[in-house]
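Have the sequence and the 3D view open side by side. This report walks through selected local features, one topic at a time.

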Amino acid sequence: MSLPENTTVLIVGAGPAGLTAALSLTHYGCRDFVIVDAIVEGQNASRAITIHSATVEALVSIDAADGLLSQAIKGKGVRITSRNSQIFEARFDPLKKHSAYPYALFTPQNVTELALARKLQSLGVQVQRPHRVVGMKQNEEDPRITDVSFEDGQVIKARYIIGADGARSIIRTIAGIGFSDPDGSKLVDNVMAQMVAADVTFEPEPVGPLTIEGHLNGTVSSGSFFMLVPFGNRFNAELTRDGKPVTKSIFRVGCAVPLKSGEPPRTPPKEYIQDLIDTYGPTCITSDPSLNPTPVKIDQLVWSTRFRTHSAIADRTFTRLGAAILLVGDAAHIHSPAGGQGMNLAIRDAVFLAEAITKHIQASAENPDVDDTILQECAEARHSRALEIIGFTKKLLKLAGLTYDRYAWWMPFSRASIRDLMLRLLGRFDFVQSSIAWGLSGLGRR
């Protein structure tokens, strides 16, 4: 498909960040933009699954939340458990004092992308696919324009470029923006350094509180962290792959794989996922009859993947190469999945940066020599927010990574057992519940 020769704004990448940027531009009155993506179709995979209160508010502010609110599971809270008992529960209900959306939405990322893309289409905007950026250079005639070249030989002249093209961002690379861990390049051996995620069904279907939709369940064990989120039948149509129908309830499972266990397969098979469940998962979904009186096994493996986690942030979120270049989402920052903050920060980045671009376009129309203060201030604010989130997720990682090994030969306790005891005790107090819900919600760090 041919691209226009000129546009005011070019959005590169049509994941949650890019789609939200397009919706935000439209909401604030900018219709002269093009959104492109390098792949033929949208991402048909779960990946991120949590949309917190602050992000729901941001989407509502640009009239882009209706599709998600009608389809997603309204999460009641987060549970932390051992393999066979509950340690702590953080309920989102206390957020009623702070937000009209006192919950987290649980929805697979491809469903989120589909809802945002449908909203964009209803506004008359279509993602242009497949178009892969291969080069950028300052326009020879207008120093405020960048010529963006694509793999198929087409070129677009743009005044603003939003890089929403992921952790391996070509926009960031060509712009010469560094990308590194803010705490240094030393690799940290954390419990979530390598992870496996999968969508599965069970036979027979498991029973128990952890299997009822409405909570994200995290199971701690020495050297690992296991996540279980029941989807019920709500997303079966969207998660079906290769034409294979899925009729049973789907569960999202995720597991940190200890480094000593070696690298997981690129697409972990059913047997590999089953072994992780039996080793680290809550007993209600294991196949081991010595742990689970009603043992269950994986029936269908709907989807699986592996990934490594680390933290990195772009040296800057705004620069110029002729056009104003702004980075959002994983192109600007990445971190561990602890706390489910990644996609949330990406969406909020896109809402606020697109608003700033619109203001700058309007200011430029009144004064062609306007400086970049509007863009610079917004970019710096989002960069600071990303640093906060990276610090927050590292604290969660440190807490989750405590082991059950004895602290010392003379002390019959471990750091992890002390953590669990403190969580059991503190979890009885409402102010602790409220504090944790507030921290996860993002309402204090929009």
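## Aromatic pairs

Tyr103 is buried, at 14% relative accessibility. Buried means under 20% relative accessible area, exposed over 50%, and partly exposed in between (1.4 Å probe, protein chains only). Tyr103 forms an aromatic pair with Tyr101. The two rings are edge-to-face, 6.4 Å centre to centre, with 85° between the planes. Rings of Phe, Tyr and Trp (its six-membered ring) pair if their centres lie within 6.5 Å; planes under 30 degrees apart count as stacked, over 60 as edge-to-face and the rest as tilted.

A search of the whole structure finds 4 aromatic pairs. One of them joins Phe231 and Phe235: the ring centres are 5.3 Å apart and the planes stand at 90°, so this pair is edge-to-face. Phe231 is buried at 0% relative accessibility. Phe235 is buried too, with a relative accessible area of 1%.

## How to read the values

This is a predicted model, where local features need pLDDT of at least 70, side-chain atom pairs count only at pLDDT 80 or more, and totals for chains, interfaces and linings use all residues. Residues are numbered from 1 along each chain as its sequence is written, and side-chain values use heavy atoms, with hydrogens and water left out.

## Charges over rings

Arg172 places its charged end over the ring of Phe179, 3.7 Å from the ring centre. A charge sits over a ring if NZ of Lys or CZ of Arg is within 6 Å of the ring centre and within 35 degrees of the ring normal.

## Backbone in the loops

Two cis peptide bonds come next. One runs from Arg129 to Pro130, with omega near -20°. Pro130 lies in the loop between helix H4 (109-122) and strand S8 (133-138). Helices (H or I, at least four residues) and strands (E, at least two) are DSSP runs, numbered from the N terminus. The other runs from Glu203 to Pro204, with omega near -10°. Pro204 lies in the loop between strand S12 (194-203) and strand S13 (215-221).

Asp63 is not a glycine, yet has a positive phi of about 60°. Asp63 lies in the loop between helix H2 (53-61) and helix H3 (66-71). Asp63 is partly exposed, with a relative accessible area of 43%.

## One side of helix H10

The buried residues of H10 are Ala416, Arg419, Asp420 and Leu423. They cover an arc of only 95° around the axis, so they lie on the same side of H10. The arc is that of the directions from the helix axis to the C-beta atoms.
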